[in-house]
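Have the structure open as you read.

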Amino acid sequence: VDLRLRSGLLEKKGNRHVLADPILEANLSPLRIHHVSDIHFGPKSADRVDLKEKGQHAATLGGGLGRPRVCDHYLQHVAELASVGRAPHLLVVSGDIAEWATDAQYAEARAWLTELCTHLAPHPRLPPDAPHALLVGGNHDVDWRETTGPAGARKRHLPFSRAFEGHPRVARARLEEPPATR
């Protein structure tokens, strides 16, 4: 590190070292990607501690750990990574974002995702105004009450598409639209 500092390849910014040459930085900076899956916003959202035991130990442990849900713990983790310059640059959220594809569950998921995206790190190869989160729906992100007929096949994807209108979705597939206009 000392040699690189003396040669001008690295410079110190705060408590970390960064590449001093913008060309090297743009082409050699690692891209950190986090992938989270099956969050299930709703009543089955995963807890950090399995409280099914219903014993005093599980309840005490669950209460003492702080944020009870895995998604909240992950949000806190990314915020901590951001505070030391190690947050992900890109986020992929796949499969089963909601439990039952309801507007309320998607509102909670959107609020979580909005806060999470504020902690994502910039990257020299990613435009600041480009989306830094990719969403992939799962079977729980479909309104299965809408299953009959060709219109139903498209309508069942509407809750997910409405909830995340501003976010890119896998392959930009617009399953809520007729195949001829996708």
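A46 sits in the loop between β3 and α3; helices (H or I, at least four residues) and strands (E, at least two) are DSSP runs, numbered from the N terminus. This is a predicted model, where local features need pLDDT of at least 70, side-chain atom pairs count only at pLDDT 80 or more, and totals for chains, interfaces and linings use all residues. Residues are numbered from 1 along each chain as its sequence is written, and side-chain values use heavy atoms, with hydrogens and water left out.

S45 is also placed in the loop between β3 (33–37) and α3 (56–64). The table sets out both residues; buried means under 20% relative accessible area, exposed over 50%, and partly exposed in between (1.4 Å probe, protein chains only). Contact means heavy atoms within 4.5 Å, and the contacts shown leave out neighbours within four places in sequence.

The C-alpha atoms of A46 and V70 are 5.7 Å apart, although 24 residues separate the two along the chain.

## The core

Which residues have the most contacts inside the largest nonpolar core? They are L91, V93, I97, W112, L113 and F164, in a core of 23 residues. Such a core is a set of buried Ala, Val, Leu, Ile, Met, Phe, Trp, Tyr and Cys residues joined through side-chain atoms within 4.5 Å. At least two core residues come from each of α4 (70–83), β4 (90–94), α5 (103–117), β5 (133–136) and α7 (158–163), and α5 supplies the largest share, 5 residues. Beyond four places in sequence, I97 has contacts that include I39, H40, L135 and F164.

## Hairpin and pocket

Strands β1 (residues 10–13) and β2 (residues 16–19) run antiparallel, joined by 4 bridges; two strands pair if DSSP finds at least two bridges between them. L10 is opposite L19 in β2. The two strands form a hairpin with 2 residues between them, and G14 in the turn has a positive phi of about 65°.

The largest pocket holds about 530 Å³ of space. Of its 21 lining residues, R16, V18, E25, R32 and H89 are the closest to its centre. A pocket is an open set of points on a 1 Å grid over the protein atoms alone, where a 1.4 Å probe fits, with protein on both sides within 12 Å along at least five of seven lines; lining residues have an atom within 4 Å of a point. β2 gives the most to this lining, with 4 residues.

Conventions. Points joined across faces, edges and corners; volume = space filled by probe spheres on them.
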